[in-house]
Amino acid sequence: MTEAQRVECTSLLRVDGLKTEIRQRHATIRAIDGVSFSVAQGETVGLVGESGSGKTMTGLSIIGLLPPGGRVVGGRILFLGQDLARLPARAMRAVRGSGIGVVFQDPMTSLNPCMTIGDQIVEPIRAHRESDRKAARRRALELLDLVGVPQAKERLKDYPHQLSGGLRQRVMIAIALSCDPKLLIADEPTTALDVTIQSEILELLGRLKAALSMSMLLITHDLGVIAGHADRVIVMYAGRIVEEANASELFAQTRHPYTGALLASIPEVDEGTDRVLYSIPGVPPDLSQDRQGCAFAPRCDRATGRCEVDDPQLEGCADHSAACFNPLTTEEGSGRSPMHAVAVEPRRPPPSSADKRAPLLVVDHVVKTYPVTTGVLRRRIGAVNAVSDVSFTMTQGETLGLVGESGCGKTTLGKMIVALERPDAGSIVFDGIDLTKQSNRATRTMRRNFQLIFQDPYSSLDPRMRVGPALREPMVINAIGNGVSRDRRITELLGDVGLSKEAVRYYPHEFSGGQRQRIGFARALTLSPRLIVADEPVSALDVSIRSQLLNLIKRLQEAHELTYLVISHDLSVVRYLADRIGVMYLGKLVEIGTCEQVYGRPAHPYTAGLLAAVPIPDPARERAKRRIPVNGELPSARNPPSGCRFRTRCPRAQERCTVEEPVLQAVSGTDHQAACHFPLVATDVGKSAQRDGSRAFGSDGA
Amino acid sequence: MATTRDPLATRALVERTAAPEGGEAVASRGIWRVILDVFLQNRLAVVGVGIVVFFLLFCFVGPLIYRTTQVVTNLTLIHLAPSSQHLLGTDADGYDELGRLMVGGQTSLEVGLAAAVVATLWGTLWGAVAGFVGGAVDAVMMRIVDSVLAIPPIFLLLFLATAFTPSVSMLIFVVAFVSWVIPARLVRGESLSLRSRDFILAVRGMGSRDRRLVLRHILPNAVGPMIVYATFAVADAILLVAALSFLGLGIPPPAANWGEMLSNGLNYIADGWWWLVYPAGLCIVLVVVAFNFIGDALRDAVEVRLQRR
């Protein structure tokens, strides 16, 4: 018990047997079911789990901001000797802000759009400190400087919409820190941000924590983020803690099968694509039902009869404990390869670029700008260069991944390829037919050849249409088959995407996100398309569901001979799916090549920075990896920088980059090209192969 | 599910449900079932439905039981106080007041319901097309809506009622004409937001024509708010008809309606002949309030339609 006593006296926050319920109209969700942990002075505790695991509810229970219907029904939350679970509202208000600061996920919605950010930072200072207005202003300025907002003085008068996402999150952090909290709860602080901004914000949080000697509770679904920034990690599943350990220990010596499976189901950014990704079967349990035994048992391949009857308790030493009757052995839990061994299957070799088939898709100097207008008469005051001068080709059966941060034009490009947007200039030739020159009628009949998969499975299906009619619709529109053959096709496709044929009777809201995305694939496949443009196909899904979908996407490609254009901000997802990668920045294609070339020997500084910013779920490598900073914020696409568009954030930028716009040129081998004057891998081949972008692309036989 | 399960049964259950890789859908209760549940939890709404059902029976079944003559005037029976023969007395023309309330209610309810349905259907289609097509078409269509809105309804009604001979179908047309603009605006907004949703883009990407998008996807998704609006529209229409008739521009006698009866009764308010004033007034108030209760409850119920509860 000496260990426990030690924790008692040094811990800042101690949660003891916390139970939180959310009452709904017809059911009570046991969101948190007996969670105990502590956060010591100066420690960063990471809370990981998928959606519905109770990680966010834990955070909200601590600060007493549960959603309507939610309440703490048991346990204690000891913070500086006070039990927050039983604190009256008035005393709780004093704790919030001054004792505990919170940073939420979405900086777009957690700031008041009608108040200047100065006023919003001053508000908590005056509420808790009652200092006079001038002093509060001074403090606000100090805070903005502290969180690294440039030109803080001018920024005080800005409204939230005038700031970028990254700056807004910095402002949120400033507000959370305004009254020197002892504990900072950061709930998915970087999930809504781009990967380069994410790494800056995480670094900032780590630095501030040390400087202000705070403790931090970092809540996230991203094991990579946890690996780099948490001292101790708590893994949650279905409202309970399944494993708790020091960060390095957890990743090196995983004990709980769930944690192990979770780690194994993440595609890695520095790993090849020739294996089937491990995926956890099934879906998380329904928390409104009575539970018996281990909640993970139905999805666990190590489950025995005992797991379904008895409730496993957290066992182990203070450094590492897991709630499992059949934990992974030392050998199984160390490193990630053993888990993989379960599922390794040879994959088809990617179609090599030596394959001299005619290209299926040729995108040639495509430009798309959106006018920016003002006033009633829609006077044009400028234009956003969504896509400017992008060219590439795709051959039948290959997968091209398109990566880039938000606003780089990748989605617009995808929509143009499936003819949902028309380019302003350039051509998109699909199988020999120029889509940009077709009439509306001809385009309509062409559409069955290429389909789009959407990011959000919740909005891509008509909520008022059952799955059966929704899948029949494409065939009805294109007058394919009759009633019987359509039904047969639907049954077949549902089988292909891993759903039973019963699905036709249900409405979309009766499916989970992953299932809906499967339905989206089934719908896209009804017309036997040749090209599928998948716009962030898995980014709305949880890790365990995501790996199921990634495997499905690959399986469908083989079964249906598909060509994929996968658009994603997630470099590891693209790496897993794609044969070739294109990197976009502010409407430009800056680098393109095979996976091995782009990920192994990135030539463009932006690609290198992007790769370095991706968090790796392995503390040793994550903390050791060299930082290639991509500093600052994305410039506006309305006034892109002259010359090279990346120069404002590039560590290698020189005079020439301001003046001369770099064109795509070969860097290592003909099919690896980058648009940079000073590529990271400069070769003689690159210089001699310098010619204009279109020829570099069009000449496959060169 | 039973609280105690033996392990073997659980295993079997797990294996069965794990059959398709993606898992099965969790059947939730139907959207309409959820809406009905929420609706029925609202006591006022249930009262409202009760009142409406009562008045429907009263007006359409009532005359079959309580037989009176409402066509031939009988001057020997004018202004009789309520008695066992005439439960609510008689009016200035010798008509039985209770019988007349039933007949008059028929007109009010018919006009109210029909006008609300016509206005909602037309307005919905108008708004859906305007919002979906957008651009110049939208601008022109919505300026037409603005123009109709700019005319005070009572002036328009007075003009139309004097220009044409009032009849039931005329009244329906007139009332619908002044009230279709509100649903048109509502649905346009709905349509604008639906238009940019992914599922519309997906169906377009399959090669669908606009007509299909509007009829099969935009309209069904706008149906919730429209039902709510239609309910309020019935109440408004009944009030409008009553107001018109009160001003003497309703359907001419011997046809009856509550507004006209109220108007006639007011002549005798100083004489203490309450049975000519209160019953008609009460009928109007009760029906209008009942429809408003229903509309309020429907609005609450429809809000939860996409939530998984």
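Which residues does V533(A) touch, not counting residues up to four places away in sequence? The answer is given in the legend to View 1. The structure is a predicted model, in which local features need pLDDT of at least 70, side-chain atom pairs count only at pLDDT 80 or more, and totals for chains, interfaces and linings use all residues. Residues are numbered from 1 along each chain as its sequence is written, and chains are lettered from A and ligands numbered from 1 in the order in which they are written.

**View 1. Surroundings of V533(A) in the largest nonpolar core.** V533(A) touches G414(A), I417(A), V418(A), F450(A), L452(A), L565(A) and I567(A), leaving aside residues up to four places away in sequence; two residues are in contact if their C-beta atoms, placed from the backbone, lie within 7 Å. The largest nonpolar core holds 275 residues, of which I417(A), V533(A), L565(A), V175(B) and A237(B) touch the most other members. A nonpolar core is a set of buried Ala, Val, Leu, Ile, Met, Phe, Trp, Tyr and Cys residues joined through C-beta atoms within 7 Å. A residue is buried if 20 or more other C-beta atoms lie within 10 Å of its own, exposed if 12 or fewer, and partly exposed in between. Of the elements in this core, helix α11 (residues 210-246) of chain B gives the most, with 19 residues. Helices (H or I, at least four residues) and strands (E, at least two) are DSSP runs, numbered from the N terminus. Because domain 1 (247-347) and domain 2 (359-698) of chain A both give residues to this core, it lies between them.

**View 2. Contact between the two domains of chain A.** Chain A is divided into domain 1 (247-347) and domain 2 (359-698), with bounds that come from an automatic or database domain assignment. In domain 1 of chain A, 18 residues are in contact with 21 residues of domain 2 of chain A. On the domain 1 side, the elements that give two or more residues are α10 (247-252) and α11 (257-264) of chain A. The most comes from α10(A), with three residues. By class, this side of domain 1 has twelve nonpolar, four polar and two charged residues. Here Ala, Val, Leu, Ile, Met, Phe, Trp, Tyr, Cys and Pro count as nonpolar, Asp, Glu, Lys and Arg as charged, and the others, Gly among them, as polar.

View 3. Strand β3 (residues 44-48) of chain A pairs with β9(A) in the parallel sense over four bridges, and G46(A) stands opposite V233(A). Two strands pair if DSSP finds at least two bridges between them. With strand β10 (residues 240-246) of chain A, β9(A) pairs in the antiparallel sense over six bridges; M236(A) has I241(A) as its bridge partner there. The hairpin formed by β9(A) and β10(A) has two residues between the strands, and A238(A) in the turn has a positive phi of about 50°.

**View 4. An open sheet of eight strands in chain A.** The strand order is β18-β19-β20-β15-β21-β22-β24-β23, with mixed pairing. At the edges are β18 (450-453) and β23 (665-666) of chain A, each pairing on one side only. Strands β15 (residues 399-403) and β20 (residues 563-568) of chain A run parallel and are joined by five bridges. G401(A) stands opposite V566(A) in β20(A).

**View 5. Helix α17 (residues 467-477) of chain A and its cover.** The buried residues of α17(A) are V467(A), A470(A), L471(A), R472(A), E473(A), P474(A) and I477(A). Their cover includes α18 (483-496) and α19 (513-525) of chain A, together with α10 (198-205) and α11 of chain B. Just after α17(A), A479(A) takes a positive phi of about 50°.

**View 6. A buried residue, I62(A), in helix α2 (residues 55-63) of chain A.** I62(A) is buried, with 24 other C-beta atoms within 10 Å. I62(A) touches I77(A), L84(A), I100(A) and I185(A), not counting residues up to four places away in sequence.
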